[in-house]
Amino acid sequence: MRIASIVGARPQFIKAAALSRELRKHHQEILVHTGQHYDYTMSGVFFDGLDIPAPDVNLGVGSGPHGAQTGAMLAAIEGLLLARTPDRVLVYGDTNSTLAGALAASKLHLPVVHVEAGLRSFNRRMPEEINRVVADHLSDLLFCPSRTAVTNLAAEGITRGVHLVGDVMLDVLTWAKARANGKPPEILTRLDLGERRYLLATVHRSENTDDGRRLADILTALNALDEVVVFPVHPRTRKAIERAGENRLGPHVRLVEPLGYFDMVGLSRHARLILTDSGGLQKEAYWLGVPCVTLRHETEWVETVTAGWNTLAGSDPEKILQAVRSFAPPASRPPLYGEGCVSARCVELLA
Ligand code: UD1
C-alpha cells in the first residue's frame, strides 16, 4: 500500500520515528511535513537525531492564526493527495496538522487512520480537543493508547475500526533507553546538573502561554522554588515570557533552548520532579518513574493521576509550590499504555 503520513509538530515527529520505520518495512510511505514547526530545534533536530526518513514533501505552511494555518494546510494537503493518490492517510495526535490531514483525506474519500485516538480533556477551549474530536469522527481506523480512550469514543458513538494498541511513544522511549545503555546522559555534564538535584519544567499550551495572568502565576511559582529548575522554552512561550518580563526570574530558573529527544529523555530521567503542561511528558515521567506536577486543570492521561504519579496543579502558585514540595507517589507503578511493540501492531492492523 501507499500510505501518506502527515506530520507537522514536535510530538508527531517523535511518534513517526517509531511508526515510519515499521511502516516502511511493509509499505510505501509518503512522509508529509506540513511545516507547522519549522525551527531546527523544533523540527530538524528530531529528524536528524531519531533517524526519521527525510520528509518526501514539506508544505512550508509555518505559523499563523488557527483558521489561516489550518486552511493553508488543508489546501496544500488536498493538492498533494490528489497528485500522489495514497491508499490510506495516517494522522497523529491533536494538532492543526492532524485536523487538516483528516479533513482533506476524508473529503477525497481516502481512509483515515488516527494514531492516538479517543483522548479527551472535555475542555473545548483547548484547540487540541477540537482537533481530536473532529479527527476521530472522520477516521476509519482508530488506534487508542488506553481503555479510557476506547470508552470515550464509544460514548460518542464511535465503535467501528477502534483498536486498543497502546502508545507508540513508549516504543520510542524504549529505543532511546536501550541506546543510552545505562550511561549517564551527557546533557547533565553540559548543564552542570546532579542526578535528582534539579526540577525540569516545560510550558507551551495556549491556555498557559496566551493568558498573561496564568503565565505570570506559573513563573511566580518557579521563581519561589528553592531548587534548580531547568526550563527548555518553546518558541511561543519564549515570546510570551519576553512580554511578561523574563528579568523577573531568579538565576535558579535556567531557561534553555528547546532540546532534542535524547537530551530531553536524559534530563527527564534524572530530574527529581517534572512540571509540565505537555501530554507526552506526563507519560514519559510515568514510564521513567519521575513524579509529575501537571500545570493544567485536567489531563487526557488520567491513568497517570489514578496511579498516583501525576497531580494536577493548574497555574495557582500556592498549589504548584505545595505539590512540588510534598507530592509523593506510591512505590508501585503498574504498566500503562501497553508494553511496547505498538508500531508493529499498528502496521499489522493497517492492512
Ligand atoms: C502545537 C500543537 C500542540 C502540540 C505542540 C507541540 C496545535 C493547535 N497545537 O502547538 O497540540 O502539543 O504543537 O509543540 O496544533 N513557533 C516558532 N518556531 C517553531 C514552531 C512554532 O517560532 O518551530 C511559534 C510560532 O511563531 C507560533 C507559536 O510558536 O506563534 C505556536 O505555534 P503552533 O504551530 O501553533 O504550535 P504549538 O503552539 O507548538
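**Salt bridges, cores and a ligand site**

Biologist: What do the side chains of D210 and R236 meet in?

Modeller: D210 and R236 form a salt bridge, with N and O 3.6 Å apart. Keep in mind that this is a predicted model.

Biologist: Where do those two sit?

Modeller: D210 is in the loop between α9 (206-209) and α10 (212-224), while R236 belongs to helix α11 (residues 235-244). The pair links distant parts of the chain, 26 residues apart.

Biologist: What does R236 do with the ligand?

Modeller: A polar side-chain atom of R236 is 2.3 Å from an oxygen atom of the ligand. R236 is also listed among the closest residues to the ligand, together with H37, N96, H234 and K239.

Biologist: How many residues surround the ligand?

Modeller: The count is 23 residues.

Biologist: Which backbone atoms lie by ligand oxygens?

Modeller: For N96, a polar backbone atom lies 2.8 Å from an oxygen atom of the ligand. For Y38, the distance from a polar backbone atom to a ligand oxygen is 3.0 Å.

Biologist: Back to charges. How many salt bridges does the structure hold?

Modeller: There are 22 salt bridges. As background, side chains of opposite charge can pair when their charged atoms come close.

Biologist: Which residues are linked in a network of them?

Modeller: The network of salt bridges links D94, E129, R132, E207, R296, E298 and E300.

Biologist: And R272, what is its partner?

Modeller: R272 pairs with E227, and their closest N and O atoms are 2.7 Å apart. R272 counts as partly exposed because its relative accessibility is 28%.

Biologist: You mentioned α10. How many residues does it have, and how far does it reach?

Modeller: α10 has 13 residues and reaches 18 Å between its first and last C-alpha, close to the 18 Å expected at 1.5 Å a residue.

Biologist: What caps its N-terminal end?

Modeller: D211 does, with a side-chain oxygen 3.0 Å from the backbone nitrogen of R213.

Biologist: Which α10 residues are buried?

Modeller: R214, L215, A216, D217, I218, L219, A221 and L222 are buried in α10.

Biologist: On to the nonpolar cores. How many residues does the largest one have?

Modeller: The largest nonpolar core has 68 residues, and those with the most contacts inside it are L50, I52, L90, F143, V230, Y261 and L267. Helix α1 (residues 10-26) gives the most to this core, with seven residues. A second, separate core has 25 residues and includes L215, I218, F231 and L249.

Biologist: What is Y261 in contact with, leaving aside neighbours within four places in sequence?

Modeller: Y261 is in contact with I14, F46, L50, M169, V172, L173, A176 and E284.

Biologist: Now E29. Where is E29 found?

Modeller: E29 is in strand β2 (residues 28-33).

Biologist: Why does E29 count as buried?

Modeller: Its relative accessible area is 6%, and buried means under 20%, so E29 falls in that class.

Biologist: Which polar or charged partners does the E29 side chain have?

Modeller: R24 meets E29 in a salt bridge of 2.7 Å, N to O. The side chain of S5 makes a polar contact of 2.5 Å with the E29 side chain, and the side chain of S20 makes one of 3.0 Å. R24 itself is at 33% relative accessibility, so it counts as partly exposed.

Biologist: What else does E29 touch, beyond four places in sequence?

Modeller: I3, L23 and D56 are among the residues E29 touches there.

Biologist: Last one, A285. Where is it, and is it buried or exposed?

Modeller: A285 is in helix α13 (residues 279-288). With a relative accessible area of 0%, A285 is buried. Not counting residues up to four places away in sequence, A285 touches I274, V290 and C292.

Biologist: How far apart are the C-alpha atoms of A285 and L23?

Modeller: They are separated by 27 Å, and the two residues are 262 residues apart along the chain.

Note on methods. Residues are numbered from 1 along each chain as its sequence is written. This is a predicted model: local features need pLDDT of at least 70, side-chain atom pairs count only at pLDDT 80 or more; totals for chains, interfaces and linings use all residues. Side-chain values use heavy atoms; hydrogens and water are left out. A salt bridge is a side-chain nitrogen of Lys or Arg within 4 Å of a carboxyl oxygen of Asp or Glu. Buried means under 20% relative accessible area, exposed over 50%, partly exposed in between (1.4 Å probe, protein chains only). Helices (H or I, at least four residues) and strands (E, at least two) are DSSP runs, numbered from the N terminus. A nonpolar core is a set of buried Ala, Val, Leu, Ile, Met, Phe, Trp, Tyr and Cys residues joined through side-chain atoms within 4.5 Å. Contact means heavy atoms within 4.5 Å. The expected span of a helix is 1.5 Å times one less than its number of residues. A polar contact is a pair of N or O atoms within 3.5 Å; within protein, one must be able to donate a hydrogen and the other to accept it, and residues adjacent in sequence count only if both atoms are side-chain atoms. A residue is near a molecule or strand if one of its heavy atoms lies within 4 Å of it.
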